[in-house]
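Please read it alongside the sequence and coordinates shown here.

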Amino acid sequence: MPSLRDSLTYEPVELGFGTSGLRALVTAMTDLECYINALGFLEYLAGGEFVKPGATVYLAGDLRDSTPRITRSMLAAIRDAGNEVEYLGLVPTPALALRSLGQGGPGIMVTGSHIPADRNGIKFYKPDSEVLKADEAGIKAAVAKVRARIYAEDTADSMFGMDGMLKDAPELPGIKPEGQKAYLDRYAKFFGPERLKGKQLVFYQHSAVGRDMLVELLERIGAQVKPVGRSDVFVPIDTEDVTVEHQEYFRKVAKENPGMFAMVSTDGDSDRPFVIDETGEFHRGDVLGAVVARWLGADAAAFPVSTSDAVTQLLDEEHVSWTATKIGSPYVIDAMNAEAAAGKKAVVGWEVNGGFLTASTLEIGGEALTPLPTRDAIFPIIVALSAAMDAGVSVAKLFARLPQRFTQAGLIDNFPPEISKAILASDVAPYFTPEQGFGKIRDINRLDGLRLFFDNGEIAHLRPSGNAPQLRIYSVADTQERADEIVEMALAEPDGILRRMEKDLG
């Protein structure tokens, strides 16, 4: 009999790790490929004695059309690995992580986060943490062994068809509510029923997986919440790529709701926060993180190198030690762990996308919050609103009190990764000219991409995505108009800065 590999009617694409988890086009994420990666992950855990035989694996997903199919392939892998499963249903990634880490069992979240609907992803959790960069080599080796074993099976005996799909996909089990309940109760107890008492909030629901349960949570802690913008079609909104259209929508909603304290939302898997003030102005995640760290009384913080220097100015003023890392939550977690090991007592971290992580037990008003070292969206949203209330100011005025540096970010999609690599290895100074308003490049940080420091105080940071064919640019300037202009010049079609680089270096 021919082997399964020889019988496949398509050329399989192997999934790879990006900054955090696996992501790919849905067409590449066949049942076969997803199953191989999940089973490899579970065998890696078993081989390293991270879990005992028969341990429960916690499983959840987001609202993408492809998620139920991929989740069924995860279920098949979990059962074939000899594990039990607790299915949480469609919940935020941090809710899955809280359940997994809280119960000391592995977790699997099927989500593409903020990326377009033609893509999806899988995020793995060990019993005690996210999968970190140190785990990736071992997981890849285990996946390679599973792949060889499954590919060598006789076609007739395989559970997969020649199209790479399960011949008899298992039905998803009933949803266990404990995971959702634990997540809601965590913050309802910590903040109390009157934390946001009397405040009118607008929640932009779109297709965020936490769109209903997060509204419920905000109401439980006292807010009056008006949901808007619910969508039955997946909306790939990204906190690091807030478009002109998004900004116009935010301002429109603000005008239509003159009494609102703030408008809030999350990305698709509800681990990246949107905080939009009463004027409709969106506040970026790196500055949001600093606001949250200050309110919490943090003594150490970790965040990516792409963070605005307004953040480091604020933390220096507050005498908070900080570490700049490569981009991606695994790097932030490693830095937080180092700070905790060095004796810091209130260690936090965040990403430029706003996802907030904690590595210490935090205490506010006599209530303790256990660590959750994975990106969370609702926690920094509530803290930012609380900080404004405690200061007796509007959300807009809260952020206006911060060091006034302005940032913007954007990306070009379907940008060939090999050209991105060529750009990072090249002299890019000729593409940033005095005619465009740039000074001379005085320094370049190559920790993650190219972070260019100009002698007029401006910053431009070029970085390829770690899990998608995208090239991002981040800017920092003394005015919002100039920060916006830098990004616009970089992304302009057909002959902006990035397109000229692509033409010359491709």
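The points below are grouped by topic and begin with the cavities.

The structure is a predicted model. A search of the whole structure finds four cavities of 30 Å³ or more, and 21 aromatic pairs are present.

**Cavities**

- The largest cavity has a volume of about 220 Å³. Its lining comprises 23 residues, of which T19, E240, R272, I327 and R463 are the closest to the centre.
- By class, the lining of the largest cavity consists of 11 polar, seven charged and five nonpolar residues.
- The second largest cavity has a volume of about 70 Å³. The residues that line this second cavity are F17, T19, S20, G21, K123, F124, E130, V131, E136 and P330.
- Four nonpolar, three polar and three charged residues make up the lining of the second largest cavity.

- E240 is located in the loop that runs between β7 (224-230) and α8 (244-256).
- E240 has a relative accessible area of 7% and is therefore buried, the limit for that class being under 20%.
- The side chain of E240 makes a polar contact of 3.0 Å with the side chain of Y474.
- Apart from neighbours within four places in sequence, the residues in contact with E240 are R272, V352, N353, A409, G410, R472 and Y474.
- E240 and R272 are both among the residues closest to the centre of the largest cavity.

**Aromatic pairs and cluster**

- Among the 21 aromatic pairs, Y204 and Y249 form a tilted one, with 5.0 Å centre to centre and 50° between the planes.
- This pair links distant parts of the chain, since Y204 belongs to strand β6 (residues 200-206) and Y249 to helix α8, 45 residues apart.
- Y204 counts as buried because its relative accessibility is 10%, whereas Y249, with a relative accessible area of 25%, is partly exposed.
- W350 and F356 form a stacked pair, at 5.8 Å centre to centre and with 5° between the planes. Both W350 and F356 are buried.
- One aromatic cluster is formed by Y183, Y187, F190, F191, F303, W322, W350, F356 and F379.

**Position of P416**

- P416 occupies the loop between β18 (406-412) and α14 (417-424).
- With a relative accessibility of 21%, P416 counts as partly exposed, because buried residues must fall under 20%.
- P416 and F274 are 142 residues apart along the chain, and their C-alpha atoms are separated by 29 Å.

Methods:
Residues numbered from 1 in each chain as written. Predicted model: local features only at pLDDT ≥ 70, side-chain atom pairs only at ≥ 80, totals over all residues. Heavy atoms only, no water. Helix = DSSP H or I, 4+ residues; strand = E, 2+ residues; numbered from the N terminus. Buried < 20%, exposed > 50% of the residue type's maximum accessible area, 1.4 Å probe, protein only. Polar contact = N/O pair within 3.5 Å; in protein donor to acceptor, adjacent residues only side chain to side chain. Contact = heavy atoms within 4.5 Å. 1 Å grid on protein atoms, 1.4 Å probe; cavity = no way out; pocket = protein on both sides within 12 Å on 5 of 7 lines; lining within 4 Å. Points joined across faces, edges and corners; volume = space filled by probe spheres on them. Nonpolar A, V, L, I, M, F, W, Y, C, P; charged D, E, K, R; others polar. Phe/Tyr/Trp six-rings, centres within 6.5 Å; stacked < 30°, edge-to-face > 60°.
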